[in-house]
Amino acid sequence: MEWETVIGLEVHAQLATKSKIFSGSSTAFGAEPNTQASGLDLAMPGTLPVPNEQAYRYAIMFGLAIDAEIAKTSVFERKNYFYPDLPKAYQTTQLERPIVGAGHVDIELANGTKKSIRIHHAHLEEDAGKSLHEDFHGMSGIDLNRAGTPLVEIVSEPDIRNAEEAVAFAKKLHSIVTSLGICDGEMSQGSMRFDVNISVRRPGEAFGTRTETKNLNSFRFMEDCIALEVERQIDLIEDGGKVIQETRLYNGETKQARSMRSKEEANDYRYFPCPDLLPVVLDDDYIESIRQNLPELPDARHDRFMEQYGLSSYDANILSGDANMAQYFETATKVSGDTKLTANWIMGELSARLNAEDQSIKHSPVNAEQLAGMITRLVDGTISSKMAKQVFEAMWNGEGAADEIIEAKGLKQVSDSGAIEAMVDEVIANSDKQIDNYRNADESKRPKMLGYFVGQIMKASKGQANPQQVNEILLKKLNELI
Amino acid sequence: MNNSITNQKALHDKTIAEILAGLNAGEFTSVEITQHFLDRIKQLDGTYNSYITVNEASALAQAEAADKRRAEGDVPALCGVPIAHKDIFCTNGVRTSCGSKMLDNFVPPYDATVVENFANAGAVVLGKTNMDQFAMGSSNETSFYGPVKNPWDTNTVPGGSSGGSAAAVAAHLTPGATATDTGGSIRQPAALCGITGLKPTYGRVSRWGMIAFASSLDQGGPMARTAEDCALMLNVMASFDPKDSTSIDREVPNYTANLNQPLAGLKVGIPKEYFKEGLNPGTEQAVRDALAELEKQGVTLISISLPHTKLAVPAYYVIAPAEASANLSRFDGVRYGHRCDDPKDLRDMYMRTRAEGFGDEVKRRILVGAYCLSAGYYDAYYRKAQQVRRLIKQDFVDAFEQVDVIMGPTSPSPAFEFGAKGDDPVAMYLEDIYTIATNLAGLPGMSVPCGLVDDKPVGLQIIGNYFDESRMLNVAHQFQQATHWHQQTPAGIASEAKDTEGAE
């Protein structure tokens, strides 16, 4: 029986402000616990919040980038619940009057299909601290460094119909916020986190009961988690059961999910406008000045990449999507001078390695200049493609620049036609039987027989002969023989 | 008042203005007067319980520093003048309890802006005054540190929540004290203790470091014996504070500049709703007499209506508890303050910490507030109360089209006996029936002594337009120039014979 999946996303993006949304504490990641928490972040009595203008500016940039209405008046509210890593026991967030209203994010799928996902709204809020449940002998540790980090929470409409769309949407959002420079996009550090609302229904029917899986911080986890949850819901219904509205947690390592709390256990958050913060009123000039200074957005960059570099829409999509990736590509291609090769290397070997090691391109062990240095040697024939892989591996392991590695490993390709001719001659001289077979073979079968000779020659050259030249010289010599 | 009489006054009977004059003239030093007050507190406060903490060593050190500054010719506005802070203002290194068990062990690592302002003005802090727990109460009976006794009659309450500050001023245990007012917590105790107190316009005095009860209503202000002293204190206390987003960026005028302006031509609004049933006849008479005195000075009394007055108490008892329920959630035993012994788990820690750390009135208001905000009730209570709040504000805006100030009683009756309203929260809430509306509207209000009923003081309330504190102080000062009520002291308090007795 046919089922339709319905997905809506809530995305938390940490804004890349230097200080927190309501205090002067640093937002830098990775500091010793509780070294970036002021009296306000600790909710000491009598402390008061002062809004960080940069957080507003960033939220407005996002709103403009998704073609949304910017609220002239936005209001912070208190969302009340007790938890040790929420020091005030309320989160300052926006509910009735968020800063960013309805907008849309357009995605393109692998098969070229385009789709527009509607954004319900996006609002500003503060992040909570972290509870650390290990290493405290049965107690929990609290780290408030993250408490008060500004977040923009982006809430989509339930317009997404499968995991591929969900991932494309999530990647597009990642691309938008990193292109705007309002979020560093470091998913492994929690800079972007995804809550996925999933339900299933028969096509044409009303929405089914949804579950929410919280805090996914990788695209792959999101994809896996959606597949798992959709299967669970369909199995449940087909077995005569019912989906219950609940919050779930997904473990990306074990690929398992579990229920966290049901709707009945949900908090009544008792939202109300925060009396310590006045409504923020913006005028048109302020919004307009932000619009004028928006950096290049992913869609514009995609079109520019197609035009400027002659890339296919698909390739342009991959290379322009992530702002760091785009910057990497543009830097590398400028140095190497070979757009096609550079694009192939970034989308191929480099991306594969980054994915395998769960690294972002921003922290790639091989930087754009290094990759370009290697490609330059590939283009000028110093090394072969095969050698390039060795050079890349060495660069990845931090052994230095391409030229140093080529020198140190003696990876120079032999492109001296005299030397290659000599090797070809020697192999031919020692391969009477194969030469006879070649001579007697049907012309259509001959190309397949070349492999043996090429293999012998490369072996003789210890892999350093320029394969293109080997092919040319070998063919010439064999033709002379028959 | 001539100098010879001033000089005869005991140090503790002097007003702030007189203390400044004495310090300037070299009649005494800050160390001398500070020591005098410290001795007096030690001697008498066992009776009144107006202080929670007395900082003998730091007060004397501050006094010494002030004397040194004065000697060097660096004389800020309140250089060497002793004051006290309500124990709701955070003081760096000095326990700030907010009258609660919850914060009995809390020593802030920072000063409230108000505390900083007084320190910069060279004031000397004698100690921290008693108060209703978390400023919730109108009788000071909710303090974890025991009730404050009204110096006029120690069987009666001093009012609240700033009852410690009011009693300390009334008993001449400090010439002035800071206080806070969320629904009348400056004005009502000022009235019941026969002193002068001013709640400024919301946003005039920084709330940074002032422990929040209801953030949209809380406002700090001065208490002293005269309007002139309140003006001197407000000059220091008021400031624009970038650390408080609700602080208003507006120049602080010199509040003493207009004190002596004649009142002729002033239009005084008398709200008919403030003279209805529930008002003690003696209190009403005293207020009417005060208004007649002002008429003699040439003011015009104009009968006005504030039609939504009766809705102020109900609206307040939705909004204030709602805000308090969130403001007091941070007291969870995790980071500071009281934590229960041997918690079994997180839930047990939360529940016992808060059950033990909060008193009944605080719990009552947290429950009411959480209820008003809960799903299904928000629209009926919180949203409705906010709509009422706008109507109440509009009443005042309309009234101030016609009049310059509004006057009436501060509280419905003089001080009552301990326990008289203890079992009836609603009767207690009605204590603030005339003061609450100004908090809802964000307007400034003042109470000045205007009579005695059965030997208990009565307060005249003066409500001003936004940021019109200067005019209110002017009216109060002119009233005090013509009357002696502010100079009356409880039996046995002033050392000298009352020098203005029989002035009227």
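Start by selecting A:P45, A:G46, A:T47, A:L48, A:Y90, A:D276, B:I211, B:A212, B:N327, B:R330 and B:F331, which line the second largest cavity. A cavity here is a set of points on a 1 Å grid over the protein atoms alone where a 1.4 Å probe fits but cannot get out, and lining residues have an atom within 4 Å of a point. This one holds about 80 Å³ of space, volume being the space filled by probe spheres set on the points.

A word on what you're looking at: this is a predicted model, with local features needing pLDDT of at least 70 and side-chain atom pairs counting only at pLDDT 80 or more, while totals for chains, interfaces and linings use all residues. Residues are numbered from 1 along each chain as its sequence is written, chains are lettered from A in the order written, and side-chain values use heavy atoms, without hydrogens and water.

Next, show the contact (heavy atoms within 4.5 Å): 30 residues come from chain A and 39 from chain B. Now pick A:P45, A:L48 and A:F82, which supply 22% of the area that chain A buries against chain B, more than any other three residues.

Then zoom to A:E96 and B:R383, a salt bridge with its closest N and O atoms 2.8 Å apart. The rule (a Lys or Arg side-chain nitrogen within 4 Å of an Asp or Glu carboxyl oxygen) finds two across this interface.

Last stop: the largest cavity, with about 210 Å³ of space. Select A:F22, A:L40, A:D41, A:K88 and A:E126, the closest to its centre of the 23 lining residues.

Terms used
Buried area is the accessible area (1.4 Å probe) that two parts lose on being put together, summed over both. On a 1 Å grid over the protein atoms alone, a cavity is a set of points where a 1.4 Å probe fits but cannot get out, and a pocket is an open set with protein on both sides within 12 Å along at least five of seven lines; lining residues have an atom within 4 Å of a point.
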